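Have the sequence and the 3D view open while you read.

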Amino acid sequence: MTMSILETIIRELSSAPEALLLQVFSFIQSAKDDSTLESNSSSLPRIPGLHQGEIWISDDFNDPLPDEFWLGEDE
């Protein structure tokens, strides 16, 4: 039988020192209060072409890198 994530967390925390438990509790409280967790940015609609023309790829992008790059030598 596989354990749920909650059961796994409880099992791990049962042997944790008090200081760690306080940190975990503080993290959980702040995460629950954090409104950014509730507003998932992936739920926003995507807008095609929004940043069109703002980036470019060099003509030599797919060219092999020189040995100096792989060996960590300055040119």
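The count of aromatic pairs comes to one, taking the rings of Phe, Tyr and Trp (its six-membered ring) as paired if their centres lie within 6.5 Å, with planes under 30 degrees apart called stacked, over 60 edge-to-face and the rest tilted. The partners are F69 and W70: their ring centres sit 4.9 Å apart and their planes meet at 85 degrees, so this pair is edge-to-face. W70 itself counts as exposed, because its relative accessibility is 61%; buried means under 20% relative accessible area, exposed over 50%, and partly exposed in between (1.4 Å probe, protein chains only).

A word on where this comes from: this is a predicted model, in which local features need pLDDT of at least 70 and side-chain atom pairs count only at pLDDT 80 or more, while totals for chains, interfaces and linings use all residues. Residues are numbered from 1 along each chain as its sequence is written, and side-chain values use heavy atoms, with hydrogens and water left out.

The protein has four helices and zero strands, so the definition to know is that helices (H or I, at least four residues) and strands (E, at least two) are DSSP runs, numbered from the N terminus. As for pLDDT, the predictor's confidence in each residue from 0 to 100, its mean over the protein is 85, and 85% of the residues reach 70 or more.

How much of the protein is buried? Of its 75 residues, 1% count that way. Helix α2 (residues 18-33) reaches 23 Å from its first C-alpha to its last, close to the 22 Å expected at 1.5 Å a residue (1.5 Å times one less than the number of residues).

Now for charges. There is one salt bridge, meaning a side-chain nitrogen of Lys or Arg within 4 Å of a carboxyl oxygen of Asp or Glu. E12 and R11 form it, with their closest N and O atoms 3.7 Å apart.

Here is how some side chains score for exposure:

| Residue | Relative accessibility | Class |
|---|---|---|
| W70 | 61% | exposed |
| L6 | 54% | exposed |
| E12 | 47% | partly exposed |
| R11 | 43% | partly exposed |

L6 lies in helix α1.
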